[in-house]
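User: I would like to go through a protein model with you. Could we take it one topic at a time?
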Amino acid sequence: MNLPSPIQSVTFENKQFFIKRDDLIHPDFSGNKARKFYYFLKNDLSGIEKVISYGSSQSNAMYSLSVLAKMKGWKFEYYVDHIAEYLRENSHGNYKAALENDMQMIVGRGVPTPTIETIYIEEGGRQKEAEFGIKILAQEIIDWQEENGIGQLNVFLPSGTGTTALFLQKSLITHHSSLITRVYTTACVGDTTYLKKQFLELEANEKYHPQILTLDKKHHFGKLYKENYKIWLKLHQQTGVEFDLLYDPLGWRVLMAHPEVHSKPTLYIHQGGLLGNESMLPRYKRKYPFP
Ligand SMILES: *Cc1c(COP(=O)(O)O)cnc(C)c1O
């Protein structure tokens with residue numbers, strides 16, 4: 001594990017941003033999943049034989065769990081409603097990589113009741129144990145702030161389940177309250193109401209919740225938007241950093257639309273997910289040959 005992950009300064013649209021490169025934590029873990037599953041990696045969970053989870057057949061969490069299971073010598077069962085036809089015939093990305101790690105995918109059946117030999121992981125790793133690894137992320141940010149004399153900082157990261165953003169804001173407040181570091185996010189999966197609900201399930205006290213920013217237009221997860229592709233290309237050209245194509249384009253569009261946030265020193269968290277670009281990029285290229 002490459003920890004602490006590096007922080008680099010880039011210029012985008014003539015503004016300075018800092019990027020926390022959590023995509024570089026581990027070649028096989030997908031960025032923030034390394035943080036979320038760190039608890040299971042670091043603790044000796046003797047007696048465990050199997051990990052069980054569920055979700056979509058292309059998810060970053062699924063792939064990272066297959067890596068975790070392999071490292072720990074656990075079996076890995078993953079439950080999905082269905083597998084897209086094209087994926088079955090032409091396996092690639094997270095799906096292919098997880099199968100290569102001996103994931104057993106079970107289609108169209110209910111998730112079994114966990115036993116004492118199994119670890120049950122919620123979809124996308126939305127659970128309490130994630131706090132363990134995300135606290136370390138908070139500490140790395142604080143250490144960097146102190147080293148570089150950056151007092152006030154805004155942190156931005158796009159959310160799926162919101163687990164990473166929530167525990168990050170909570171850690172920054174509870175352990176490092178002398179620094180006023182605010183966490184901003186946006187809902188990439190579902191809408192603001194959904195994201196707020198996710199926060200509340202993990203933490204009842206709203207004082208620890210990140211601030212949710214939005215664009216005016218509605219956005220559907222996994223759909224191809226020309227604006228997303230354009231900002232992704234621009235980011236690559238101007239910063240040299242490859243971002244993911246599912247979360248980051250919306251993240252950056254939302255951040256750029258809120259100058260009140262990025263007019264202060266701003267740290268964007270790159271949460272990995274590049275394996276998914278294997279399928280997203282060809283789709284974008286086909287749909288928008290002249291972006
Ligand atoms: C999983 C993931 C997210 C969302 O993380 P949450 O903790 O569910 O909000 C964002 N970006 C990437 C690249 C991811 O893999």
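User: To begin, where is the place of Pro4?
Analyst: This is a predicted model. In it, Pro4 sits in the segment before strand S1 (7–12).

User: What kind of peptide bond joins Leu3 and Pro4?
Analyst: The bond between Leu3 and Pro4 is cis, with an omega of about -5 degrees. In general, most peptide bonds are trans.

User: And what is the phi of Glu13?
Analyst: Glu13 has a positive phi of about 50 degrees, although Glu13 is not a glycine. Most residues other than glycine have a negative phi.

User: Where is the place of Glu13, then?
Analyst: Glu13 is found in the loop between S1 and strand S2 (15–21).

User: Let us change topic. How is the protein divided into domains?
Analyst: There are two parts: domain 1 covers 7–27 + 128–287, and domain 2 covers 38–120. Ten residues from domain 1 and 13 residues from domain 2 take part in the contact.

User: What separates the centres of domain 1 and domain 2?
Analyst: Taken over C-alpha atoms, the centres of domain 1 and domain 2 are 25 Å apart.

User: What is the area buried between them?
Analyst: Domain 1 and domain 2 bury about 900 Å² between them, and carbon and sulfur atoms give 71% of that area.

User: Which three residues of domain 1 supply more than any other three?
Analyst: They are Glu129, Phe132 and Leu275, which supply 49% of the area that domain 1 buries against domain 2.

User: How many salt bridges are there between domain 1 and domain 2, and how many residue pairs in polar contact?
Analyst: The count of salt bridges between domain 1 and domain 2 is zero. One residue pair is in polar contact between the two domains.

User: Now the ligand. Which residues around the ligand come nearest?
Analyst: Of the 15 residues around the ligand, the nearest are Lys33, Lys36, Asn60, Thr161 and Thr164.

User: What about Gly160 and Gly162, backbone or side chain?
Analyst: For Gly160, a polar backbone atom is 2.8 Å from a ligand oxygen atom. For Gly162, a backbone N or O atom is 2.8 Å from an oxygen atom of the ligand.

Note on methods: Residues numbered from 1 in each chain as written. Predicted model: local features only at pLDDT ≥ 70, side-chain atom pairs only at ≥ 80, totals over all residues. Heavy atoms only, no water. Domains from an automatic or database assignment. Contact = heavy atoms within 4.5 Å. Buried area = accessible area lost by both parts, 1.4 Å probe. Salt bridge = Lys/Arg side-chain N within 4 Å of Asp/Glu carboxyl O. Polar contact = N/O pair within 3.5 Å; in protein donor to acceptor, adjacent residues only side chain to side chain. Near = heavy atom within 4 Å. Helix = DSSP H or I, 4+ residues; strand = E, 2+ residues; numbered from the N terminus.
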